[in-house]
Amino acid sequence: MNEILLGVDPREQSIPALVWAADEAVRRGLALRLVVVVPPAHEGLWYDAQANQSALRIRAESAMANAEDLVRELHGGLRTATERVNGVPATVLRDMAAHATLVVVGSRRLGRAAEMFSESSVVVPLTARADCPVVVVRAPEHPAVHPSTLVVGVDGSDSARAAVAFAVEEAILREARLRAVWVWPPSVLAREDLDEGLAERRRLLADSVAGWSERYPDVAISQELLRGHPVEQLALASRESLALIVGRRGRGGYSGMRLGSTVHGLLHRAMCPVITIPRPQHEGRTGWPAWADRSRSSTTDRPRPGDPLGTGAR
């Protein structure tokens with residue numbers, strides 16, 4: 001499906017997430033699907049559980065109506081669909097992500113224990129397991145900063161290369177510049193040859209973004225090698241960014257392992273929306289990760305998402 005999926009929280013709707021999702025749907029020429037998931041009730045007594053479930057359904061309907069009204073106010077011509085589903089929110093959204101171009105959610109700023117073990121946790125399990133990019137809007141983007149800038153974290157992995165590809169898409173859509181940042185943590189186990197290490201990482205960073213500037217000369221791509229803790233340095237870079245784009249490295253284990261410590265830390269500390277890109281399992285028709293082929297924009301006068309050759313409409 002050619003749509004962006006927005007998770008509407010019946011308890012605490014994130015306005016920044018809704019605005020981000022609606023704006024992105026317009027940029028990409030896609031439909032916006034608003035989904036509210038009513039979680040199961042677990043009270044000990046049947047009538048308590050029924051009353052709580054009824055209250056959650058009423059709250060969900062109200063949240064959905066408010067979300068629809070705001071979307072219409074922002075973009076009257078945007079194609080939208082709504083859906084109310086019963087189930088565990090993270091599981092429902094993860095399953096629906098298999099057919100979406102992007103999934104967008106807000107953040108309740110849960111503590112780490114609640115993130116890992118609470119059934120109401122959405123951000124970590126969804127980001128760790130979704131088959132498409134996930135956008136977590138914990139803090140709004142910074143559109144007043146000029147020039148408009150996106151930051152992509154690079155480390156030489158397959159998921160980081162997929163993150164660069166997505167970041168170039170986003171930079172084209174937004175007419176923004178792109179900062180490709182490689183953070184090199186200081187070694188605590190062995191003495192390093194600093195000059196040799198810097199040269200090697202500069203080479204790897206250049207390889208990670210090679211070809212994109214030549215393919216799209218209008219996109220300004222800078223390369224930055226920083227020393228320090230990846231979460232700290234990328235969080236600092238996010239302070240003046242429209243979005244921070246990072247790859248998801250893990251495959252197995254529990255959610256935190258699948259995310260990787262850097263992504264998990266950035267979900268807490270980044271000062272702009274965080275876009276997490278899954279490791280590509282196979283390539284789609286265009287040579288990009290398969291999820292990239294789900295995005296087809298009606299705009300034909302510029303390269304489209306999922307169309308790295310800029311060939312226009314199919």
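Biologist: What makes Arg-227 count as lying over the face of Trp-184?

Modeller: In this predicted model, Arg-227 is 3.8 Å from the ring centre of Trp-184. The rule asks for CZ of Arg within 6 Å of the ring centre and within 35 degrees of the ring normal, so Arg-227 is said to lie over the face of Trp-184.

Biologist: And where does Arg-27 lie?

Modeller: Over the face of Trp-20, with 6.0 Å to the ring centre.

Biologist: Why is the pair of Trp-212 and Tyr-216 called stacked?

Modeller: Two values settle that one. The ring centres of Trp-212 and Tyr-216 are 6.4 Å apart, and the cut-off for a pair is 6.5 Å. The planes make 15 degrees; because planes under 30 degrees apart count as stacked, the label follows. By this rule the count comes to one aromatic pair.

Biologist: Are Trp-212 and Tyr-216 buried or exposed?

Modeller: Both are buried, which means under 20% relative accessible area.

Biologist: Turning to the sheet, what makes S3 and S8 its edges?

Modeller: The order is S3-S2-S1-S4-S5-S10-S9-S6-S7-S8, an open sheet of ten strands with mixed pairing. Strand S3 (80–86) and strand S8 (221–227) each have a single partner strand, so one side of each has no neighbour in the sheet. On average, neighbouring strands are turned by 25 degrees against each other, direction ignored.

Biologist: How do you know that S1 and S2 pair?

Modeller: Pairing takes at least two bridges, and six bridges join S1 (residues 3–8) to S2 (residues 31–38), so they qualify as a pair. These two strands run parallel, and Glu-3 has Ala-31 as its bridge partner in S2.

Biologist: Which helices lie on these strands?

Modeller: Among them is helix H1 (residues 15–28), lying across S1, S2, S4, S5 and S10 and running at about 160 degrees to S4. Helix H3 (residues 89–97) packs on the sheet too, touching S1, S2, S3 and S4, with its direction at about 150 degrees to that of S2.

Biologist: Which residues have the most contacts inside the largest nonpolar core?

Modeller: Leu-6, Leu-32, Val-104 and Val-152, in a core of 56 residues. Helix H6 (residues 158–174) gives the most to this core, nine residues. Leu-6 touches residues including Ala-17, Leu-18, Leu-32 and Val-104, leaving aside those up to four places away in sequence.

Biologist: What lies apart from that core?

Modeller: Another core, of 33 residues, which includes Val-92, Val-151, Ala-235 and Ala-270.

How values were computed. Residues are numbered from 1 along each chain as its sequence is written. This is a predicted model: local features need pLDDT of at least 70, side-chain atom pairs count only at pLDDT 80 or more; totals for chains, interfaces and linings use all residues. Side-chain values use heavy atoms; hydrogens and water are left out. Helices (H or I, at least four residues) and strands (E, at least two) are DSSP runs, numbered from the N terminus. Axes are lines fitted to C-alpha atoms, for helices over the stretch in contact, and angles run from 0 to 180 degrees between N-to-C directions. Contact means heavy atoms within 4.5 Å. A nonpolar core is a set of buried Ala, Val, Leu, Ile, Met, Phe, Trp, Tyr and Cys residues joined through side-chain atoms within 4.5 Å. Buried means under 20% relative accessible area, exposed over 50%, partly exposed in between (1.4 Å probe, protein chains only). Rings of Phe, Tyr and Trp (its six-membered ring) pair if their centres lie within 6.5 Å; planes under 30 degrees apart count as stacked, over 60 as edge-to-face and the rest as tilted.
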